[in-house]
Structures are given as C-alpha cells and as structure tokens.
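Colleague: I would like to learn how to read helix packing in a model. Can we work through an example together?

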Amino acid sequence: MDNAPSHPPTFQTAFFHVKVLFLPKNNTSKLQPLDAGMIKNFKIHYRKQLLQHVVSRVTPGSKASDIIDSVDILMAIRWTMNAWESVEKQTIRNCFAKCGFFDSDFQFSHDKEIENELNDLIAELSTESRAPTYLMQDDGVATSAGTIDPTL
C-alpha cells in the first residue's frame, strides 16, 4: 500500500487474513503502473477533448470559463470513456515494464503529436500557456481528505 493519508498505519494490524505492507515514500511512480504514466496519458487525451470543446465554442467576447461551465456530466463521462479508449495498449505495457513487472525495453513518452495538437488548441484561445503547463496544472492536488478508520 502506498503512504496516502487515507491508508493509516493501523491497516498493518487491522486485518487477520491479509498482510499489509507499505511502500517506501515517494516511490509510487516507480512501483505502480498507473502512477508510472497511465494516468498522465489518460489526462492528455481527456484534456484534448475539453480544449476542442472550448475552442469550438469560442466567439468574440466569450469567456473560456463560461464555456467550461457549460460542460455537463454526460459530456464528461463520454470524454472519460473516449480518453481511456485512446490510451494505447503499448502505453499500458510500457508502464508495467517501467515498474518491473516484466523485462522490456521501456520507452515512455506521451505522444508529441498530441502535445502539438494541444499547443495548437491553446494557441487558438490566445493564451500564454503551453501544453506542458496545461497538463501539469493539477499535479499537486490532494487526492484524499484524510485517514479512514479501518474499524468502521
């Protein structure tokens, strides 16, 4: 288990039929395939769709924030499904290989073509941002609010 705040140390003794071990701190990107690149690749594909939506609806005097507010749950679900389907099998294999699940010549990099497409979409919005900044905007966002009581 990783050291997320929602995984308290009491988990190690809370279960009778399961032995819980904690991974060393700051190693999830080396040991967990989702953290090794699959999530980032998924986000790239999702955000490309979001940008395409915004760019397609921009008119003189419109605000990107108003357009983004018009995104409904069904659109987000469809974009999520399309983004996951766009993550290539080779990317998934590469992430597992990077984490040592099997030997392989690991080569992970998100597709430069997608990054160029994102830069083109961002440029249409006349903003100073670029794809790397756009893709990393939520890297520091907390993913849990605290610990879970294993006795509940």
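Modeller: We will go through helix pairs, a core and a tryptophan. Keep in mind that this is a predicted model.

Colleague: How do I describe two packed helices?

Modeller: Two packed helices are described by the angle between their axes and the distance between the axes. Take helix α3, residues 34-57, and helix α7, residues 112-124. They pack at about 30°, and their axes are 10 Å apart.

Colleague: Are α3 and α7 roughly parallel or roughly antiparallel to each other?

Modeller: Angles under 35 degrees count as roughly parallel. So α3 and α7 are roughly parallel to each other. Their crossing is left-handed.

Colleague: Which residues make the contact of α3 and α7?

Modeller: From α3, I44, H45, R47, K48, L51, Q52 and V55. From α7, I114, E117, L118, L121, I122 and E124. By class, the residues of this contact are 7 nonpolar, 2 polar and 4 charged.

Colleague: And which residues form the largest nonpolar core?

Modeller: That core has 7 residues: I44, L51, V55, I114, L118, L121 and I122. Both α3 and α7 supply at least two residues each. The most comes from α7, with 4 residues.

Colleague: Now a second pair. How do α3 and α6 pack?

Modeller: Helix α6 covers residues 89-98. It packs with α3 at an angle of about 155°, with the axes 7 Å apart. Angles over 145 degrees count as roughly antiparallel. So α3 is roughly antiparallel to α6. On the α3 side, A36, G37, M38 and N41 make the contact. On the α6 side, T91, I92, C95, F96 and K98 do. The residues of this contact divide into 5 nonpolar, 3 polar and 1 charged.

Colleague: Last, the tryptophan. Where is W84 found?

Modeller: W84 is in helix α5, residues 73-86.

Colleague: Why does W84 count as partly exposed?

Modeller: Partly exposed lies between the cut-offs for buried, under 20%, and exposed, over 50%. W84 has 42% relative accessibility, so it counts as partly exposed.

Colleague: What does W84 touch beyond its neighbours within four places in sequence?

Modeller: W84 is in contact with M38, F42 and I92. Compare sequence and space for one of these. W84 and F42 are 42 residues apart in sequence, and 5.8 Å apart in space, C-alpha to C-alpha.

Conventions. Residues numbered from 1 in each chain as written. Predicted model: local features only at pLDDT ≥ 70, side-chain atom pairs only at ≥ 80, totals over all residues. Heavy atoms only, no water. Axes fitted to C-alpha atoms, helices over the stretch in contact; angles between N-to-C directions. Parallel < 35°, antiparallel > 145°, perpendicular 65-115°, else oblique. Left-handed = near helix turned anticlockwise from the far one by under 90°. Contact = heavy atoms within 4.5 Å. Nonpolar A, V, L, I, M, F, W, Y, C, P; charged D, E, K, R; others polar. Core = buried A, V, L, I, M, F, W, Y, C linked by side-chain atoms within 4.5 Å. Buried < 20%, exposed > 50% of the residue type's maximum accessible area, 1.4 Å probe, protein only.
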